Amino acid sequence: MLAMRHISKVFRTDLIETHALRDFSLGVDAGEFVAVTGPSGSGKTTFLNVAGLLETFDTGAYLLDGVDISGLSDDERSRLRNEKIGFIFQSFNLIPDLDIFDNVDVPLRYRRMPAAERRQRIDSALDIVGLKSRAHHLPSQLSGGQQQRVAIARAIAGDPKFLLADEPTGNLDSLMARQVMDLLEQINEMGTTIVLVTHDPELARRAQRNVQVVDGQISDYRPFAAQAAPAMAGALA
Amino acid sequence: MFRDIRPVLSALLRNRTGAVLVGLQVAIALAVLVNAVYIVKQRVDLIGRPTGLDVGNIFVLSSAGFTQDHDRYATMREDLAWLRSLPDVRAATSTNAIPLSGGGSSTGIATTPEASSEQTVPMNYFQVDEDGLEALGVTLAAGRNFRADEILPPDLNSDRAIPQVIITKALARSLFRTDDAVGKVVYDAFGRPTTVIGVIEHMQGSWLSWDKVDHVALVPEVASWSDNAYLVRTRPGTRAAVMRQAEEHLAASNTTRLIKFVRPLDYYRDRSYLSDRNMAVFLVTVTVLLAGVTALGIFALATFNVNVRTRQVGTRRAVGARRADIVRYFLVENWLVTTAGVVLGCALALAAGYQLSRQFELPRLDLYYLTGGVLALWLLGLAAAWQPARRAAKISPSMATRTI
């Protein structure tokens, strides 16, 4: 689904060069739920931006669902984002002036879908996140958890190949966070690949695999279960 | 574009203060712009009306005697003889009034000797000699010019009949309902007959704001004005030189008079239209300023909307909007604001046009101008929003993931 090989990304100013990603390689298979963790400033967000085609990279190769990203035009990258990727942001990023229905409709409109199909997909996505009855409420009329569920509905309405979630529970209390994570797991069980970027090890534990980024490089690259087993064994002893 | 309207309108209606203000600005701009342009067009048409005269090659020279032994008619004969001898002078005549100048003589004539005042047709007349037609540069449509022997001496008491007259077509139509007036007889205010011997194609008289400015008659008579005034028509390109030459010579040739002025005929036409021209310039200035302020308002609203929606634009880009989609979004939003203003502006423009036509007896607003104004403001709105929209399109999709 996602194959990054030797990706590097450098941010330059007149005085400073910051190597946000260096020789970064990661593969994610279809249907996986991968958590990318790391301390603040480690390169998680840069990874998310590059993986989500929100930013370009300097060197390396990136295949997304078999498509070589290098050399794609801005419009082609937009089309790929729209068709293959669903985004879930920490701050929900709902459009405050649009009601819930229209918020979920935003990416579908950019795909030039017929109105009837859009309506059916929006109803279905809102049904999955349990907010169909709130379709004509404004984001400001919903709680944080509900807003994030709307964002998830927006992300899945276009039936993307994979979801990129950026600290999706960062602005939620623990109960809401649990509900959102339950929802993500449910979506993953339906076959959608999920890459979760977080600094919260508790959340990362719920993923099938945990990848840690430090200084723009992957420092640990093992399934979470394999990481946790020795510690658990030690604790039980 | 139209598929974007509903969500854009929906978002716009939830943040309408700025949009309402700019919409009102557009409405007022349209109402003022359309009526101002319409009035300017009328003024331009008025100023551009054909005079029938060879304005660009005619000048006026006026002199007045200041000694008791000054013989104005002898001087006039000498002056005209000298002027006519100049190779660059096509013709010169004495005159009682200057066409287009705002000053002149008028009377009423009729087709019957006992005409009532309602049956009398007002006209502006000029006393000229046999060079009059050529000196004015007017075109004789029918009949003939005056002969030298038909030119009457000055009549200081104005109490004699004029045997012949040349009139304009417009005057002929008012008198006889036809251009064919040659040989017909008209009567002055005292019932004295005068035969029409020629018809001029077109000529404007003294008062350009008069609705009968083209009711003009030429009378074969030595001018009995207090000063000597000559209309001199030169060959193309020589007027300025002839004016200087004439002023110098006539001032020196007779020391019992002074030259009061030597002016091109354009001077009088321009002076007569001065208020119209000033109004046109003022209205054009106001219109341009208003259009500029309106464009700034639209630009400011679009810029504000882009600035407060940086994250939103990043999110739209992240979920698949192309740059063109972002440009279109802001242009559609601006178009909706402009259109709302334009709709209100149409009503205001028509109401203002109606009031202007009632208060100042102007013609009713031509709807072509309204249509043109609407198109102009739409284009202005799109042009003003273009740069902010393009700037919005350059916002990176990665803005969606930034937390600051």
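Two strands are taken to pair if DSSP finds at least two bridges between them. Strands (E, at least two residues) and helices (H or I, at least four) are DSSP runs, numbered from the N terminus. This is a predicted model, in which local features need pLDDT of at least 70, side-chain atom pairs count only at pLDDT 80 or more, and totals for chains, interfaces and linings use all residues. Residues are numbered from 1 along each chain as its sequence is written, chains are lettered from A in the order in which they are written, and side-chain values use heavy atoms, without hydrogens and water.

In chain A, S1(A) and S2(A) pair in the antiparallel sense over eight bridges. They form a hairpin with four residues between them, and Arg12(A) stands opposite Glu17(A) in S2(A). Strand S1 (residues 2–12) of chain A also runs antiparallel to strand S4 (residues 59–64) of chain A, with five bridges joining the two. Here Arg5(A) faces Ala61(A) in S4(A), and Thr59(A) in S4(A) is the bridge partner of Ser8(A).

These pairings belong to an open sheet of four strands in chain A, in the order S2-S1-S4-S5, with antiparallel pairing. Strand S2 (17–28) and strand S5 (67–68) of chain A are its edges, each pairing on one side only. Helix H1 (residues 44–51) of chain A packs on the sheet and touches S1, S2 and S4 of chain A; contact means heavy atoms within 4.5 Å. The direction of this helix makes about 120° with that of S1(A), where axes are lines fitted to C-alpha atoms, for helices over the stretch in contact, and angles run from 0 to 180 degrees between N-to-C directions.

Next comes the interface. Contacts link 29 residues of chain A with 27 residues of chain B. The two chains bury about 2500 Å² between them, 47% of it on carbon and sulfur atoms; buried area is the accessible area (1.4 Å probe) lost on putting two parts together, summed over both. Asp97(A), Arg109(A) and Tyr110(A) supply 26% of the area that chain A buries against chain B, more than any other three residues.

The largest share of the lining, five residues, comes from H3(A).
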